[in-house]
Structures are given as structure tokens and as C-alpha cells.
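Subject: Structure handover

Hi,

Here is the structure I promised. Please open it next to these notes.

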Amino acid sequence: MRKAAILRKTKETDIVLELDLDGSGNAEIDTGIGFFDHMLTALAVHGKLDLKVTCKGDLEVDGHHTVEDIGIALGKALAEALGDKKGKERFGCAYVPMDEALARCVLDLSGRAYLCFDARSLTGMIGSYDAALTEEFFTAVCSNAFINAHIDELRGRNAHHVCEAIFKSFARALKLAKEITGSSVLSTKGSL
């Protein structure tokens, strides 16, 4: 059972998140930020995982706490659902185009958190979503799931297209990395 449920309540956000790594891409998302809901849905669909997220955040301030705290909750859920990573493929790589945009994500379920993020077109607002929060989201996910990820905008001009290509590339790389392909931990150390 590769599932996890995370409850996170602070003065800034109240989050309920459920994750099933062996899902079929079902998503029930309500964050109060329409474009972010769309990105989390894309992550579920293209990562072949079931994801439920509800969040009541202090959107009267801005979307930062909501986006970052959901990243924290998702990272914790991924860490719990992945467990000791026994039998997992571990590595994943995906390129995703969207019109003029092209994004690449290469990741390792290494147990060592690190994010290298390069997306120069992610500025300004996409609806009520601040595009710059994309890096904050993935920083929170990787830090709490102990994932090493390199996420790059290889080309693009339109922030909507670039952001969507990034979320989908992460989802597809994660889909590969979480697959069970053996019975032992894929590491010379014997553990991750």
C-alpha cells in the first residue's frame, strides 16, 4: 500500500492531502488558486497517481503560503508513500513540450534533498497564481520528500506553457522513478 495522508494546519494554511502512488491519475484539488489546481491535476494525471488536496489558505495576503505549504505536505506524503524505496526504479527523466516551451526534469529518489531549478520565463501572474512560486513549490516538495531534482526550462516565452511543461515533466519523471522494477534498494550502499 503506497499511500499517505497528511494534515497540515498552521495560522496560514489548513491542508488535507491524500496520495496514492499506485493510482490512475485521479485528482480532486481545491486550493483556492485556479491555475495551481490545474497544475496539481496535471501532476496527478501525468504521474499516474491519485491526489486529493484541499487547502484553506490566507489568500488575502497572497498565494505564497498556500503553494509552499502544499509543497511541504506533498513532499511528506511522497516520503511516507515511497517508504524504504526497496524495488523502486529510483531515477526518472522526462522532457515535455508545450507549444513553444520545452521543460526537462531529471530526478533521483536518493534520500538527499536538492533542487536545481532554472526557469527564466516564470515571472508575473498566471491568473491568480504567481509564476515565481513554482520554484518555491518544488523546493518544498524535494526538501520534504528527500528528492534530488534538476528542473530546467530549455526554451519558452509564455509563462503558462513553461509552468505546465515543468509540472508535467516532474510528474513523468516521478512516474518512472516510483515504479517497482526489482526487489532490492538500487544503491551500492544498500539503502537510501
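This is a predicted model.

Strand E6 covers residues 101-108. Six of its eight residues are buried, so the strand is mostly covered, with buried meaning under 20% relative accessible area.

E6 has a partner in strand E5 (residues 91-98). The two run antiparallel and are joined by eight bridges. Within this pairing, Val 96 faces Ala 103 of E6 from the opposite position. E5 and E6 form a hairpin with two residues between the strands. Asp 99 in that hairpin takes a positive phi, near 55°.

E6 also pairs with strand E10 (residues 148-155). That pairing is antiparallel too, over seven bridges. Here Val 106 stands opposite His 150 of E10.

Now the helices. H2 spans residues 64-82 and H3 spans residues 133-145. Their axes come within 7 Å. The crossing angle is roughly 25°. Angles under 35 degrees count as roughly parallel, and H2 and H3 are therefore roughly parallel to each other. Their crossing is right-handed.

Which residues make the contact? On the H2 side they include Val 67, Ile 70, Leu 74 and Leu 78. Glu 68 and Lys 76 of H2 take part as well. On the H3 side, Leu 133, Phe 137, Ala 140 and Val 141 are among them. The contact residues of H2 and H3 divide into 11 nonpolar, four polar and three charged.

Best wishes

Notes: Residues are numbered from 1 along each chain as its sequence is written. This is a predicted model: local features need pLDDT of at least 70, side-chain atom pairs count only at pLDDT 80 or more; totals for chains, interfaces and linings use all residues. Side-chain values use heavy atoms; hydrogens and water are left out. Buried means under 20% relative accessible area, exposed over 50%, partly exposed in between (1.4 Å probe, protein chains only). Helices (H or I, at least four residues) and strands (E, at least two) are DSSP runs, numbered from the N terminus. Two strands pair if DSSP finds at least two bridges between them. Axes are lines fitted to C-alpha atoms, for helices over the stretch in contact, and angles run from 0 to 180 degrees between N-to-C directions. Angles under 35 degrees count as roughly parallel, over 145 as roughly antiparallel, 65 to 115 as roughly perpendicular and the rest as oblique. A crossing is left-handed if the near helix is turned anticlockwise from the far one by less than a right angle, and right-handed if clockwise. Contact means heavy atoms within 4.5 Å. Ala, Val, Leu, Ile, Met, Phe, Trp, Tyr, Cys and Pro count as nonpolar, Asp, Glu, Lys and Arg as charged, and the others, Gly among them, as polar.
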